[in-house]
Amino acid sequence: ETGLSYYKDSLATNQAYKGHIYNAIGVLLETQKDYQASQEYYREALKIFSSTDDIFTINTAYSNIANNLANLGKYTEAKKLHKKAISILEDTDYQNELPWKYLNLGATYMESLEYDSAVVVLEKARTLNEIVSKGDNELSTVIHNHIAAIYIELNEYEKAEQSLKMSIRIAQKIFGLKDFDLGESYYLLAKNYFSK
């Protein structure tokens with residue numbers, strides 16, 4: 001808010017920074033689950049970023065708005081914006097961002113209980129992540145956990161277990177025994193055993 005006041009008092013002129021301030025405030029409000037207020041800041045950031053040629057910032061704003069729409073249960077609008085974010089990045093130098101965008105779209109399908117579509121999109125995210133990162137990374141564990149959660153819902157326990165074992169292996173290799181995603185993997189593995 002202090003940073004934003006510099007613009008209101010005309011002490012700062014770089015609009016891109018103003019957009020980043022709006023976006024940062026939106027992120028904080030989203031973290032506090034104030035999705036409506038967060039959307040207002042994200043939309044202001046998008047207006048500013050859209051006046052530039054910076055594809056990365058424009059894409060970030062679209063993704064943030066889409067994630068918020070999913071949080072608000074507006075899945076159709078969220079999926080539409082996630083797909084727009086993906087299409088913006090497909091022919092750019094930001095290929096390393098595509099797996100994250102597909103993860104967001106897959107998670108939205110998952111939240112809207114469209115499990116078959118979610119698995120297809122998450123598998124695309126997994127494949128792209130392997131191509132881009134050339135190895136295991138944190139995103140690998142997140143994708144595997146999402147896929148496993150879907151398989152649990154579909155009563156496909158063996159597939160869920162395979163995905164979770166991959167996630168656990170990757171997380172332990174990268175982070176050791178103390179990691180949020182690793183904890184999530186163990187929780188899902190217990191849920192899978194209980195459901196099975």
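**Group meeting: contacts, a pocket and salt bridges**

Let's start at Ser163. Leaving out residues up to four places away in sequence, Ser163 touches His144, Ile147 and Ala148. Contact here means heavy atoms within 4.5 Å. Ser163 sits in helix H9. Helices are DSSP runs of H or I with at least four residues, strands are runs of E with at least two, and both are numbered from the N terminus. Ser163 counts as buried because its relative accessibility is 6%. The cut-offs: buried is under 20% relative accessible area, exposed is over 50%, and partly exposed is in between, with a 1.4 Å probe and protein chains only.

A word on the source. This is a predicted model: local features need pLDDT of at least 70, side-chain atom pairs count only at pLDDT 80 or more, and totals for chains, interfaces and linings use all residues. Residues are numbered from 1 along each chain as its sequence is written, and side-chain values use heavy atoms, with hydrogens and water left out.

Next, Asn23. Asn23 belongs to helix H2, residues 15-31. Is Asn23 buried or exposed? Buried, because its relative accessibility is 12%. What does Asn23 contact, leaving aside neighbours within four places in sequence? Tyr42, Ala45, Phe49, Thr60 and Asn64. Take Asn64. In sequence, Asn23 and Asn64 are 41 residues apart; C-alpha to C-alpha, they are 8.5 Å apart.

Now the largest pocket. Its space is about 530 Å³. The method uses a 1 Å grid over the protein atoms alone. A pocket is an open set of points with protein on both sides within 12 Å along at least five of seven lines, whereas a cavity is a set where a 1.4 Å probe fits but cannot get out. Lining residues have an atom within 4 Å of a point. Grid points are joined across faces, edges and corners, and the volume is the space filled by probe spheres set on the points.

The largest pocket has 23 lining residues, and nearest its centre lie Leu103, Ala107, Glu111, Val142 and His146. Which elements give two or more residues to that lining? They are H2, helix H4 (55-71), helix H6 (98-111), helix H8 (138-153) and helix H10 (180-195). H6 gives the most, with seven residues. By class, the lining has 10 nonpolar residues, eight polar and five charged. Nonpolar covers Ala, Val, Leu, Ile, Met, Phe, Trp, Tyr, Cys and Pro; charged covers Asp, Glu, Lys and Arg; the others, Gly among them, are polar.

Last topic: salt bridges. The rule is a side-chain nitrogen of Lys or Arg within 4 Å of a carboxyl oxygen of Asp or Glu. The count comes to 11.

One of them joins Glu44 and Lys47, at 3.2 Å, N to O. These two are separated by about one helical turn because they are three residues apart in helix H3, residues 35-50. Glu44 is partly exposed at 29%, and Lys47 is exposed at 56%.

Asp136 and Lys173 form another, with the closest N and O atoms 2.9 Å apart. This pair links distant parts of the chain, 37 residues apart: Asp136 is in the loop between helix H7 (115-133) and H8, and Lys173 is in H9 (residues 157-175). Asp136 is partly exposed at 30%. Lys173 is exposed at 55%.

Then Lys159 and Glu156, whose closest N and O atoms are 3.1 Å apart. Lys159 is partly exposed at 42%, and Glu156 is partly exposed at 29%. Finally, a network: Glu123, Arg126 and Glu130 are joined by salt bridges that share partners.
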